[in-house]
Structures are given as C-alpha cells and as structure tokens.
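These are my notebook entries on one model, written down in the order in which I looked things up.

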Amino acid sequence: MSRGVDLSVVEVSKSFGSKQVLQDLNLEIKPGEFVAIVGRSGCGKSTLLRLVSGLDRPTQGGILVDGEPIKQLNPAVRMMFQDARLLFWKRVLQNVGLGLRGNWKPRARQALDQVGLVDRADDWIAILSGGQRQRVALARALVSKPRLLLLDEPLGALDALTRIEMQRLIETIWQEQQFTTLLITHDVEEAVTLGDRVVLLEAGQIALDLAVPLPRPRHRGDPAFAALVEQILHRILSRDTIQSQSSPSESVLVYSN
Amino acid sequence: MENTLFFPALSSALAHKVLRGPYLKVLIPWAIPLLLILIWQWLVQSEVISTRVLPAPISVVQAGIQLARTGELFHHIKVSALRALTGFAIGGLIGFILGLLNGTFSISERLLDTSVQMLRNIPHLAMIPLVILWFGIGEEAKLFLVSIGVLFPIYINTFHGIRTVEPGLLEMGKIYGLKPVELFWQIVLPSALPSILIGVRYALGIMWLTLIVAETIANDAGIGYMAMNAREFLQTDVVVFSILMYALLGKIADAIARWLETKLLQWHPSYQEG
C-alpha cells in the first residue's frame with residue numbers, strides 16, 4: 001500500500017465576504033500522486049491549499065483525506081511556503097526538529113542528510129543562502145514523514161539554477177517516500193517537470209486537468225515536454241484575450257494581477 | 001619638495017602600522033575625554049576657573065579615594081544600586097506583563113491600552129509632589145518613581161514586539177503541530193525579544209535619571225544623598241565625584257544590557273560575526 005493519502009475535494013466553494021474565490025471545485029487525487037496546480041495570482045490556488053491544510057474551512061462542500069472529512073489541522077500534512085518561514089532564533093537542526101517530541105535529534109539529522117545539509121546542523125539560519133533555507137524547510141517538512149505534502153510556491157523566490165536543483169531534490173525524495181503532493185506554482189515548466197497531472201485553476205474553477213505521460217526525470221529539451229508547456233500556456237493566455245475583448249474593465253483586472 | 005613627498009608616505013605608513021595595533025583601537029575612543037580632562041586640570045591649576053565652580057580633576061579623584069577609604073562610598077553605591085534595581089524589577093515586570101497581555105489578547109488591549117497610553121504621557125517626574133504626599137519621603141516614593149519611569153518603555157516595546165510577530169510564522173507553527181504554549185515560547189517571545197531588549201536599554205537610562213532626581217528628595221543614604229550633603233558643605237569635588245558615579249553606574253548598566261543583547265540575540269543577522 002502506498003504511503004500517500006487519498007485526497008478528494010468535493011463541491012468546494014470558498015468566499016471571503018462577497019468575494020467568491022473557489023466555486024464548486026471537484027478534485028480527486030490518488031495516493032502518492034504528484035499534482036501541480038497552476039494559475040495566475042488571485043485564481044484561488046493558495047486558498048485551495050489552505051483549505052486542504054485545514055487552516056481554513058470551505059464555505060460549502062468538503063475535503064476528504066482518506067475518506068475522512070478534514071476537521072482540524074492534520075499531523076500527516078506538512079506544508080512548505082514561498083518564504084521558508086524558518087525560526088531565526090533556532091539553529092538549523094532545531095528548526096528541522098520543530099514540533100517533534102521524544103528523541104528527535106537523530107530523526108532531524110537524518111532529514112537534514114536527505115537534503116544534503118547535515119554539516120550545517122549547528123548554524124544559524126541567518127548565514128544560509130535562500131536555496132539552503134528552502135532545503136532546511138524541506139527537511140523540516142519531511143522529518144515527520146508526512147503523507148501529504150503541500151508546496152505553496154516554495155521555489156518561487158529562488159534563482160533558476162537553485163530552482164532546478166530543488167526540483168530534482170523534491171522529485172527524488174517524493175519517488176522514495178511516495179507521499180501525495182500538491183504543488184502550487186506560477187511556472188508552467190515547473191508544473192510539467194514535476195506533476196503527474198497539471199491542473200489549471202481559473203476564477204475559482206478547474207479550467208484544465210491534464211495528465212503528463214512523460215517518463216521521469218523529464219527534460220526541458222524534449223519536444224513532447226515543450227508541446228505540453230505550450231498547450232497549457234496557450235490555454236492560460238487565450239482566456240485573457242477573450243476577456244480583454246469582452247470587457248475592457250475586466251481586462252485591466254487581469255493584467256493588474 | 002622631497003620632504004613633502006617623503007613625510008606623507010612615512011606618516012601614513014606609520015599610522016597604518018599603529019592603527020593596526022590591538023591596543024590603539026581600544027585607546028582611540030578615550031583620546032578626547034583624556035584631552036578634555038587635561039585641559040580641565042590646566043584651567044583650574046592656572047586659576048582660570050575657581051575651585052568653587054569646578055574642582056580640579058585631581059581633587060575629584062582624591063575625594064573619591066577618601067570616600068572609598070572610609071567605606072562611605074560603597075555604602076551609598078549599594079543603597080542607590082539596590083533602589084535602582086528594585087524599582088527596575090517592579091516596574092519592568094509590570095510593564096512586561098502588561099505588554100504581553102495586551103500584545104496577546106485583544107480584549108485586554110481594548111480594556112487597558114488607552115489607559116496606559118494616557119498615563120504614559122504624564123512626565124513621571126512631574127508627579128513628585130503627589131508622590132511625596134502619597135508615600136512620604138521614604139524609600140517607597142523613590143521606588144515608585146523609578147518603577148513608573150521604567151514601566152512604559154518596557155511596556156511599549158514588549159507590546160510592539162509581540163504585535164509584530166510574523167503571522168506566517170504562527171501559521172507555520174500551527175501546521176507543524178505546536179500547541180499555544182509552545183507557540184508562545186518558541187515563536188512569539190523569541191521574535192519579540194529584540195524589541196523587548198531595546199525597551200530594557202531605554203528603561204535603564206530612565207531608571208538612573210529618575211533615581212538621580214528621586215534621591216535629591218530628603219534622604220539619608222545613596223549617591224544623591226552624598227551629593228546633596230556635599231553641596232551643603234560646598235564640597236564641589238564630592239559633588240562632581242557623585243555625578244561621575246552616576247555616569248559610571250549608567251555605563252555599567254548599559255554594558256550589561258549590551259552583553260545581554262549579544263548573548264540572547266546571537267541568532268540575529270546584526271549580531272552575526274563574519
């Protein structure tokens with residue numbers, strides 16, 4: 001049996017005040033599946049992730065983890081953020097061990113080893129680079145052996161090379177541990193590199209749900225890869241042109257996002 | 001021509017060598033005070049300034065030695081330091097607890113913050129006549145004044161520190177399974193600490209200032225008493241020595257606060273060496 005959770009989002013709507021962010025959203029994710037969610041800012045993807053994490057409640061509908069509705073924060077769920085959200089007043093090892101009970105140090109050390117930072121265990125966060133900080137954050141997420149990993153644009157602030165390195169690292173660890181993964185990203189190439197499926201979210205609804213049948217590790221130079229990226233980008237951009245033609249005021253909104 | 005070329009080269013080489021020496025780096029900040037003291041000594045000795053106005057530095061030192069010899073000095077320092085620390089502990093604790101409460105619970109902030117802000121705007125030294133009426137001229141009046149003076153900077157900085165904890169970190173802490181008490185100890189308090197310590201340093205300054213004023217109220221011991229007593233007998237040397245004692249104690253308090261900062265904020269980017 002796979003270690004990952006089975007996740008279903010059923011008829012979920014979420015609104016903040018009068019603003020409807022998600023609308024009757026349905027999404028099925030199999031155990032161990034890697035799903036990448038793309039979409040422009042404000043399309044509701046971060047909101048979706050917060051609902052799945054249990055930080056927020058849906059206005060309507062429900063989210064099932066292994067068939068059970070989410071009622072509170074789930075210890076099997078871990079999240080990585082765009083800003084690493086490390087605690088500067090703890091050393092690297094203590095950051096990784098955050099929230100662990102019992103004899104946590106060997107486990108934290110092992111997780112650090114996985115991300116290749118075990119020699120920095122006793123350093124302060126302030127002296128690490130951006131990429132190293134994200135690796136510490138990844139170790140912190142992995143140390144409790146999560147069954148669902150939520151990635152909220154964790155690589156968005158990294159430079160291109162570090163980014164590719166991190167993508168490979170995440171892919172390798174995911175293949176080893178087989179947790180279910182939900183990745184939010186702006187970067188369509190990143191989505192196609194990592195996702196078993198790429199889901200495009202637009203105006204609170206799923207506009208596209210595309211399987212990526214390419215073998216791993218995937219290469220950007222591959223024509224099939226490029227075609228998929230092109231297809232998704234085309235879909236995102238074509239909606240913009242329709243909108244800008246139909247209503248000028250709305251198009252302003254789209255581009256200001 | 002050759003000379004002008006030669007000398008700058010020599011002096012810069014020399015300056016370079018000397019400036020690199022470990023001792024000079026330590027000594028340079030003291031050069032100006034030392035020079036001022038020398039000028040002062042010279043002005044008094046050549047009777048440009050009367051000793052009634054300002055005693056010579058040497059007689060101030062002699063007065064200090066005399067006071068130390070009789071043991072009087074240490075008694076007064078002890079009394080003053082104890083007053084300062086007790087007042088600081090009482091006021092600081094109240095300010096800290098109020099800051100914690102109002103920073104953490106919005107009900108408590110609603111209830112208390114306006115009142116605290118109003119009280120804060122009263123200069124506490126203006127309350128001396130009232131404080132004397134309340135507590136008389138004993139220890140309580142002095143402790144009260146110091147406590148009140150110290151309370152507000154600590155309150156404001158604690159409050160501010162707790163309010164500016166990044167919400168993202170709290171959210172992360174919750175997802176990673178921290179309980180409310182753990183959130184407080186592991187995230188809220190350490191993240192507020194730099195701000196709290198700024199409050200502590202500021203409060204230490206106010207502590208000495210208040211004490212100096214408070215000790216001029218009728219008194220039977222303390223550095224302030226020493227100074228007021230000396231004034232009656234026109235011992236300007238003792239008066240100046242008392243002022244120097246305040247300066248020294250203030251400097252020591254500040255050094256302790258700095259040491260605390262470097263100790264507690266090792267993790268902070270501004271305290272990172274290299």
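This is a predicted model: local features need pLDDT of at least 70, side-chain atom pairs count only at pLDDT 80 or more; totals for chains, interfaces and linings use all residues.

**Entry 1: chain B as a whole**

Residues are numbered from 1 along each chain as its sequence is written, and chains are lettered from A and ligands numbered from 1 in the order in which they are written.

Next I looked up the secondary structure of chain B, which comes to 12 helices and 0 strands; here helices (H or I, at least four residues) and strands (E, at least two) are DSSP runs, numbered from the N terminus. The radius of gyration of chain B is 25 Å, well over the 19 Å that the globule rule gives for 274 residues, so chain B is more spread out than a compact globule. That radius is taken over C-alpha atoms, and the globule rule is 2.2 Å times the number of residues to the power 0.38. Along the principal axes, the C-alpha trace of chain B spans about 70 × 65 × 30 Å.

I also noted that chain B is divided into domain 1 (2–45) and domain 2 (57–271), with bounds that come from an automatic or database domain assignment. The C-alpha centres of these two domains of chain B lie 37 Å apart.

**Entry 2: a helix pair in chain B**

At what angle do helix H5 and helix H8 of chain B pack? I found that H5 (residues 72–104) and H8 (residues 139–163) of chain B pack at about 30°, with their axes 6 Å apart. The axes are lines fitted to C-alpha atoms, for helices over the stretch in contact, and angles run from 0 to 180 degrees between N-to-C directions. By class, the contact of H5(B) with H8(B) has 17 nonpolar, 12 polar and 3 charged residues. In this count Ala, Val, Leu, Ile, Met, Phe, Trp, Tyr, Cys and Pro are nonpolar, Asp, Glu, Lys and Arg are charged, and the others, Gly among them, are polar.

**Entry 3: chain A as a whole**

The domain assignment of chain A gives domain 1 (7–76 + 151–256) and domain 2 (85–145). The contact between them takes 9 residues from domain 1 of chain A and 7 residues from domain 2 of chain A, where two residues are in contact if their C-beta atoms, placed from the backbone, lie within 7 Å.

**Entry 4: where the chains meet**

How many residues does each chain bring to the contact between chain A and chain B? The contact takes 16 residues from chain A and 16 residues from chain B, and the side of chain A that touches chain B divides into 12 nonpolar, 2 polar and 2 charged residues.

**Entry 5: single residues**

A:Val199 lies in strand S9 (residues 197–202) of chain A, and this residue is buried because 22 other C-beta atoms lie within 10 Å. Not counting residues up to four places away in sequence, A:Val199 touches A:Leu27, A:Val35, A:Ile37, A:Ile206 and A:Asp209.

I then turned to backbone angles, keeping in mind that most residues other than glycine have a negative phi, and most peptide bonds are trans. The peptide bond from A:Arg216 to A:Pro217 is cis, with omega near -10°, and A:Pro217 lies in the loop between strand S10 (205–211) and helix H7 (223–246) of chain A. For B:Glu47, phi is near 60°, a positive value in a residue other than glycine. B:Glu47 is placed in the loop between helix H3 (31–45) and helix H4 (57–70) of chain B, and counts as exposed because it has 8 C-beta neighbours inside 10 Å.

Notes
A residue is buried if 20 or more other C-beta atoms lie within 10 Å of its own, exposed if 12 or fewer, and partly exposed in between; C-beta atoms are placed from the backbone.
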